[in-house]
Amino acid sequence: MIETTSSTNYFPAEASVPPGAVSLEAILCTEELHRRPWRPPDHEKENRALVALAGALVESPSNILQTLAEIILDVTQCDSSGLSLLTKDDGGKRFYWPAIAGEWKRHIGRGTPRDFGPCGDVLDQDRTLLFRHFELRYPYFIPITPAADECLLVPFYIGGKAVGTIWAITHGERRKFDSEDERIMNTLGQFASLAYQTVECIEDLKLQIAARQQAETAVRALANGLEAKIRRLVNANIIGIFIWSFDGRIIDANDAFLRIVGYERDDLVSGRLLWKDLTPDDWRSADERRVRELETTGTAQPYEKEYFRKNGDRVPVLVGGATFEEKSDEGVAFVLDLTDRKRAEAAIRESERRYSEVQNELAHANRVATMGQLLASIAHEINQPIGASINSANAALNFLRAQPPDLEEVKLALGEIVKVGFRAGDIIDRTRALVKKAPPQKDSFDINSTVLEVAALTSGEMSKNGVAVQTQLTESLPAVLGDRVQIQQVLLNLFVNAAEAMSGTVEGPKKLIISTERDGPGGVLVAVRDSGPGLAVENTERVFDAFYTTKTSGLGMGLSICRSIIEAHQGQLWAAANVPRGAIFQFTLPEYS
C-alpha cells in the first residue's frame with residue numbers, strides 16, 4: 001500500500017462553526033492571486049519536477065505522494081506543503097495527511113473534518129482557494145505551530161473526481177503566492193494523479209495475483225486432502241460405498257457395502273451384483289424417481305429404501321448418490337445400514353406405549369385414592385338426599401292416611417322425592433365417572449361446568465374443613481379440547497390439596513377461589529387460590545416432582561400426575577405464592593377448534 005487510509009490522530013474539531021469564528025469570505029483571498037505581479041513560467045524547473053516524479057514512479061512508487069509534497073515545497077519556495085485525501089474506511093468523513101514536507105512534516109498522519117475545514121471548502125467549490133490565517137475560522141489549527149500565514153489549496157483528482165487537495169503554506173511575510181504557483185501545482189497534481197492511479201492499479205494487481213496464487217494453492221491442497229479423506233473413508237468401511245452405472249451394474253464397492261447385502265467380493269468381481277436386482281419391487285418407483293433426479297441434477301438426496309440380502313432377507317438402508325462429472329453415466333452411492341436404528345425406533349415406540357399405559361394406571365389409581373379420601377364427604381352428600389327422600393315419603397304416607405287424603409300435598413312430597421333422587425344419582429354418576437378405568441378420550445367440553453361439577457363433588461369436604469368456596473367464572477369462554485375426566489381429576493387434586501393445606505390454618509378465613517378466563521387468543525386459564533400457609537419460593541417447582549410431598553401421608557404423585565395430564569393436553573401447570581397469603585395453582589388448556 002502507498003498510504004494509510006485512515007488517521008488515528010485527527011485534530012479535535014467542532015461539528016459546526018464555533019461562536020466568535022469569522023465567515024469563510026473573511027479568510028479567503030483567492031481573487032488576489034491574479035492581481036499579484038505576474039512571473040514568467042520556469043519551464044526548466046517544471047521539467048525537472050516532472051522528471052523527479054517520473055523517477056519516483058519507477059524507483060519508489062510507494063513514495064510518490066511524499067515526492068510530490070517535496071517537489072511542491074521546492075518549486076513554490078513555500079514553508080510547508082502536503083496532500084490531504086478523503087478517508088475510505090468511513091465513506092469520506094475525514095481528510096488525512098499522507099504526505100507533508102517542510103516545517104509541518106511532523107504532522108503526517110493527522111487530518112481534518114470533511115465538512116468543516118479548508119480542504120472541504122475546496123471540494124465544495126471544486127476550485128483553487130487561497131486562505132489567509134484560516135485558524136480564525138477553524139480554531140483547531142491554533143495549536144499547530146508555526147501558524148499558517150497563507151495557504152494555497154488546489155483540488156486533487158482521481159479518475160475525474162476530486163478526492164483531496166494539494167496545499168502549500170507560508171508561515172510569514174517572506175513571500176506571497178501568485179497565479180504561477182497555482183498553475184504549476186495543478187500541472188504537477190495532474191501528473192501525480194496519473195502516477196498515483198498507476199501505483200494503485202499495480203498494487204491491486206499484485207494483491208489479485210497473490211490472492212489467486214493463494215487460492216490455487218489452497219484448492220490443490222484441498223483436492224489432495226479431499227482425495228486422501230475419501231480414500232480413507234472408503235477403506236475405513238464405516239458406511240457402505242459403491243460405484244454404479246445407470247445400466248444397473250455395480251462396478252466397485254467397499255467391504256462395508258458387501259457386508260450390508262451379504263455378498264462376497266467374488267460375486268462383485270464376477271459381475272453378478274446388480275443394484276437393480278438388489279431392490280425389491282415395492283421400492284422400484286422410488287429408485288426410478290432418484291434416477292431421474294440424478295440424470296437432471298447430478299445428485300440424489302438421501303432416502304430410505306430396502307435391499308435384498310443374498311439370503312433373501314431384507315435390510316433397511318439410507319441411500320444417497322451423485323454422478324461423476326467426467327462420466328455422467330456413472331456415479332457413487334453411499335449406503336447406511338438402518339437395521340439397528342429401526343430396532344431402536346420399534347423399542348422406543350413400545351416403551352412409549354408401555355409408559356402411556358403406566359401413566360394411565362397411575363392416573364386412575366390417583367383418582368381412586370383421592371375419591372377414597374372424599375368417601376366420608378360423598379357418603380354424607382348421598383345420605384342427605386336419601387334422608388330427605390325418607391322424610392318426604394313418610395309425609396306422603398301421612399297425607400294419604402288422612403280422611404279425606406290430601407292428594408295435593410302427596411303430589412308435592414313425591415315431587416321432592418324425585419328431585420332429591422336425581423341429586424343423589426348425579427353424585428353417584430360423577431363418582432363413578434372419576435373412578436371408572438377407561439382410556440383417555442379427547443373431545444370438546446365446557447370448562448366452567450366442569451369446575452362446578454368438581455366443586456359440587458367436594459362441597460362436603462370443604463364444609464367439613466370450614467372452607468368457603470367462591471367461583472369467578474368468565475362467561476362465554478370457548479370450549480376446550482381434552483379428556484373431561486382427566487381435567488376433573490386435576491381440579492379434584494387441586495381442590496382437595498387446598499382444603500388439606502387450609503385445615504391447619506387458625507388465623508384468618510379459609511377461602512378457596514376458583515377462577516376462569518381467556519388465555520390469549522387460543523386458550524383458557526384456570527386458577528385455584530387458597531388462603532393456607534402457602535409455598536416456599538424454592539418449592540414452587542419441587543411440588544411437581546414425583547414422590548415429593550409435604551404431607552404426613554401420601555406418595556407425592558398427585559401433582560406430578562396432574563402436570564403430566566396438563567402437558568399431554570398441550571397446556572402448562574405451575575404454582576406461585578398467593579397474595580396476601582396462601583398458594584395459587586394455575587393451568588392452561590387449548591381452545592377447541
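Trp 104 counts as buried because its relative accessibility is 2%; buried means under 20% relative accessible area, exposed over 50% and partly exposed in between, using a 1.4 Å probe and protein chains only. Keep in mind that this is a predicted model, where local features need pLDDT of at least 70, side-chain atom pairs count only at pLDDT 80 or more, and totals for chains, interfaces and linings use all residues. Residues are numbered from 1 along each chain as its sequence is written, and side-chain values use heavy atoms, with hydrogens and water left out.

**Rings**

The structure holds 13 aromatic pairs. Rings of Phe, Tyr and Trp (its six-membered ring) pair if their centres lie within 6.5 Å; planes under 30 degrees apart count as stacked, over 60 as edge-to-face and the rest as tilted. Here are two of the pairs:

| Pair | Centres apart | Planes | Type |
|---|---|---|---|
| Trp 104 and Phe 141 | 6.4 Å | 10° | stacked |
| Phe 116 and Tyr 138 | 5.0 Å | 75° | edge-to-face |

Strands here are DSSP runs of E with at least two residues, helices are runs of H or I with at least four, and both are numbered from the N terminus. Phe 141 is buried too, at 7% relative accessibility. So are Phe 116, at 6%, and Tyr 138, at 1%.

**Cores**

Now for the nonpolar cores: sets of buried Ala, Val, Leu, Ile, Met, Phe, Trp, Tyr and Cys residues joined through side-chain atoms within 4.5 Å. The largest one has 37 residues, and Phe 587 is among those with the most contacts inside it. Which element gives the most to this core? That's α15, with 10 residues. Phe 587 touches, among others, Leu 491, Val 524 and Trp 574, leaving aside residues up to four places away in sequence; contact means heavy atoms within 4.5 Å. A second, separate core of 30 residues includes Ile 64, Leu 68, Ile 72 and Val 75.

**Confidence**

The protein chain has a mean pLDDT of 78, and 76% of its residues reach 70 or more. pLDDT is the predictor's confidence in each residue, from 0 to 100. Residues 1-8 fall below 50. Where pLDDT is low, the predicted coordinates should not be read in detail.
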